Amino acid sequence: MKRSTINDIMAAADDLIRQHGFALPPFAYWTPDEFRARQSDARHVIDARCGWDITDYGAGRFDEMGLFLFTLRNGRLADLQRGGGMCYAEKLLISRQDQLSPMHTHVIKAEDIINRGGADLVIELFGSDDQGNFAEDQGGTVWCDGIRRDFAAGEKLVLRPGESVTLMPGDWHAFWGEGGDVLIGEVSTVNDDETDNIFREPIGRFAEIDEDVDPTHLLVSDYGTWFR
């Protein structure tokens with residue numbers, strides 16, 4: 001993805017988030033130089049990989065297959081492993097109309113996916129085999145706003161604004177906006193996007209970036225370069 005495209009996506013996403021009555025935290029608006037100057041104070045933000053995240057899954061077709069994310073807060077895996085402390089994470093996502101977030105699951109993370117506003121969010125669901133692998137003939141059970149719902153393999157769950165689903169490790173899912181763009185909330189256990197996204201197809205989690213212009217704001221994938 002071109003950095004100029006990423007900058008434009010950030011600006012449009014910020015507008016959409018504000019239209020729905022949300023506001024991003026102050027560090028979202030730091031310039032790269034401000035972030036570098038404050039990196040000591042912002043150590044948790046950097047280590048927890050909070051911030052901007054825009055991906056085309058390495059495929060170069062963002063409008064068809066991609067996702068906007070902003071990690072608002074994220075705990076520590078060590079706390080989750082010992083069962084106490086900051087064991088949670090929260091994100092905002094934007095899924096554009098017909099923009100696929102491809103089939104995947106998580107090994108550790110349980111998550112609530114919430115339609116915060118906009119159009120409908122469609123989630124395609126599959127279960128897993130005894131080893132947690134994708135099973136094209138396997139259904140399962142999820143919880144929609146606390147209500148049990150059994151699903152058949154490949155069933156498409158439609159979340160309207162205000163509705164949510166709880167997905168557990170081994171619940172394979174893909175999703176997209178239907179009828180327009182969707183602002184999505186995600187509340188989960190500690191999030192690790194580098195190792196805990198298991199895709200059905202051999203694709204990447206992060207975009208490869210063509211630095212045609214300077215970044216307006218840093219992506220979480222920039223932290224390793226900027227904050228060595």
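Tyr57 is buried in this predicted model, at 6% relative accessibility. Buried means under 20% relative accessible area, exposed over 50%, and partly exposed in between, with a 1.4 Å probe and protein chains only. Tyr57 belongs to the loop between β1 and β2. Helices (H or I, at least four residues) and strands (E, at least two) are DSSP runs, numbered from the N terminus. The phi angle of Tyr57 is near 60°, a positive value in a residue other than glycine. Most residues other than glycine have a negative phi. Residues are numbered from 1 along each chain as its sequence is written. The model is predicted, so local features need pLDDT of at least 70 and side-chain atom pairs count only at pLDDT 80 or more, while totals for chains, interfaces and linings use all residues; side-chain values use heavy atoms, without hydrogens and water.

Ala59 also lies in the loop between β1 and β2. Ala59 counts as partly exposed, at 35% relative accessibility. From Ala59 to Ile123 the separation is 64 residues in sequence and 21 Å in space, C-alpha to C-alpha.

Arg49 has a positive phi as well, near 55°. Its place is the loop between α3 (43–47) and β1. At 22% relative accessibility, Arg49 is partly exposed. Arg49 is also among the residues nearest the centre of the largest pocket, with Ala48, Asn74, Asn191 and Asp192. The lining of this pocket comprises 16 residues. β1 (51–55) and β2 (67–74) are the elements that give two or more residues to that lining. By class, the lining has five nonpolar, five polar and six charged residues. Ala, Val, Leu, Ile, Met, Phe, Trp, Tyr, Cys and Pro count as nonpolar, Asp, Glu, Lys and Arg as charged, and the others, Gly among them, as polar. The space in the largest pocket is about 200 Å³.

Pockets and cavities were located on a 1 Å grid over the protein atoms alone. A cavity is a set of points where a 1.4 Å probe fits but cannot get out; a pocket is an open set with protein on both sides within 12 Å along at least five of seven lines; lining residues have an atom within 4 Å of a point. Grid points are joined across faces, edges and corners, and a volume is the space filled by probe spheres set on the points.

Two cavities of 30 Å³ or more were found in the whole structure.

The whole structure contains 10 aromatic pairs. Phe126 and Phe134 form a tilted pair, 4.7 Å centre to centre with 50° between the planes. Rings of Phe, Tyr and Trp (its six-membered ring) pair if their centres lie within 6.5 Å; planes under 30 degrees apart count as stacked, over 60 as edge-to-face and the rest as tilted. Phe126 is buried at 11% relative accessibility, and Phe134 is buried at 18%.
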